[in-house]
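Trainee: I have a model open and want to learn how to read its features. Where do we start?

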Amino acid sequence: MLRNISKSSLFKTSFKQFYSFSYYKNLDLNCPYPSFQSRDLTVTHTMHYITKPPCDPKIMTFGAFHTDHLLEIDWSEKMGWSRPQIVPFKSFSVHPFAACLHYAIECFEGAKAYRGPNNSIRTFRLNCNMYRMKQSAKRLSLPDFDGAELERCIEQLLKVDRDWIPDRQGFSCYIRPTLIATEEALGVRASSRAKLFVVLCPVGPYFPSGLKPVRVFCNTSTIRSAPGGVGGFKVAGNYAPTVLPLKEVQKIGFHQNLWMLPDGLVQEMGVCNLFFFQKNQQGEKELVTPILDGTILPGIMRDSILEITRGMGKFKVIEKKLYIQEVIESIESGRMIEMFGSGTAVSIQPIEAIGYDDKIYEIKYDTKLNAGELSQELFDLLTKIQTGGEEHKWIKSI
């Protein structure tokens with residue numbers, strides 16, 4: 001019985017679990033409670049269509065434009081999930097006491113859809129986003145849902161707004177599912193009401209002229225997430241505290257923060273997972289990324305890179321605890337081959353230098369590619385999977 005189990009043991013499994021296998025290996029999208037069903041979805045088309053922006057990377061920037069419609073589904077403790085609806089894009093009326101406004105009880109996801117051959121729509125590992133969102137919702141005591149049903153609803157939204165999905169190379173449609181607590185009462189507790197909604201926005205290439213390396217600052221005064229916290233979930237509260245540190249490092253010539261714990265344990269870069277391609281002490285090439293210890297977001301692009309590189313069989317691929325002192329020693333000794341970040345928005349982000357302890361450490365990269373050879377190879381492979389005409393297990397054509 002629960003009264004015989006200590007509080008520490010209750011949380012031991014969820015917060016101390018290390019993943020040396022794919023976080024997405026067992027994609028259980030089921031819900032033990034009644035969920036909304038995609039077969040009940042209704043569609044109300046807009047009467048006022050928005051003028052679409054040109055496919056210009058300087059104009060179609062991230063989050064600048066929304067499509068004509070959105071998906072919304074409400075939940076209440078008494079009534080459960082309502083029927084899903086696709087409606088004309090609109091603003092929401094949120095009560096000033098809503099828990100999402102005061103206590104950041106909200107989570108979200110980020111995925112992309114691409115235009116494929118024969119005017120098809122291609123989604124990339126959207127089922128993984130559904131799985132991760134379910135885990136985030138559970139962590140915040142937000143209502144659970146059937147992830148496969150939400151995926152089907154999103155596919156219908158993509159079909160309704162298919163004309164917004166750019167057909168130009170490098171462009172895509174960003175998908176933002178969001179779940180917020182909407183109970184109209186103050187108080188830190190599980191919300192009795194919630195709203196799930198999905199919006200779309202067309203986006204241009206993150207790097208209009210090809211990959212571009214960045215300079216990162218090793219932040220020793222601020223941490224992104226702590227052991228036992230929510231760093232391993234995509235919740236709103238993880239992001240607001242990073243805004244000021246980002247502004248501060250940009251003032252001194254860096255593009256992003258490299259997040260660490262006080263003991264130097266490396267975590268992430270900005271909102272990206274980190275990878276280090278180097279030679280070990282024995283002269284063997286290895287790709288190293290920080291292990292998922294509960295403080296690091298289990299990135300879908302991270303998981304994809306691990307599977308791709310393990311399939312190459314060219315070098316060791318390792319998930320482990322990695323400290324900044326090890327990274328610096330690898331750079332100083334000439335063993336570091338290249339460093340890069342990964343994420344849905346950026347795909348691959350090469351790193352050209354890191355600032356640590358009042359010193360700048362330059363990272364090797366091919367100036368013709370503006371990236372390392374591995375970074376470029378991975379970027380090309382992922383782009384081909386996402387936008388190419390070939391079938392792939394990570395792609396679903398709708």
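Mentor: With aspartate 358, which is exposed, with 83% relative accessible area. Exposed means over 50%, buried under 20%, and partly exposed in between, using a 1.4 Å probe and protein chains only.

Mentor: Two ground rules. This is a predicted model, where local features need pLDDT of at least 70, side-chain atom pairs count only at pLDDT 80 or more, and totals for chains, interfaces and linings use all residues. Residues are numbered from 1 along each chain as its sequence is written, and side-chain values use heavy atoms, leaving out hydrogens and water.

Trainee: Where does aspartate 358 lie?

Mentor: In the loop between strand S17 (347-356) and strand S18 (359-362). Strands (E, at least two residues) and helices (H or I, at least four) are DSSP runs, numbered from the N terminus. The protein has 19 strands and eight helices.

Trainee: How do I read phi?

Mentor: Most residues other than glycine have a negative phi. Aspartate 358 has a positive one, near 65 degrees. Asparagine 118 is also not a glycine, and its phi is positive at about 55 degrees. Asparagine 118 sits in the loop between strand S6 (111-115) and strand S7 (121-124). Its relative accessibility is 79%, so asparagine 118 counts as exposed.

Trainee: Is glutamate 183 buried or exposed?

Mentor: Buried, because its relative accessibility is 15%. Glutamate 183 belongs to the loop between strand S8 (172-181) and strand S9 (193-203).

Trainee: What does the side chain of glutamate 183 reach?

Mentor: Look for polar contacts: pairs of N or O atoms within 3.5 Å; within protein, one must be able to donate a hydrogen and the other to accept it, and residues adjacent in sequence count only if both atoms are side-chain atoms. Here the side chain reaches the backbone nitrogen of serine 192 at 3.1 Å. For contacts in general, the test is heavy atoms within 4.5 Å. Leaving out residues up to four places away in sequence, glutamate 183 touches several residues, including Phe97, Ala98 and Arg189.

Trainee: And the fold as a whole?

Mentor: Check the radius of gyration, taken over C-alpha atoms; the globule rule is 2.2 Å times the number of residues to the power 0.38. For 398 residues, a compact globule would come near 21 Å; the protein has 22 Å, which agrees. The C-alpha trace spans about 60 × 60 × 40 Å along its principal axes. Of the 398 residues, 51% count as buried. Among contacts between residues at least 6 apart in sequence, 72% join residues at least 24 apart.
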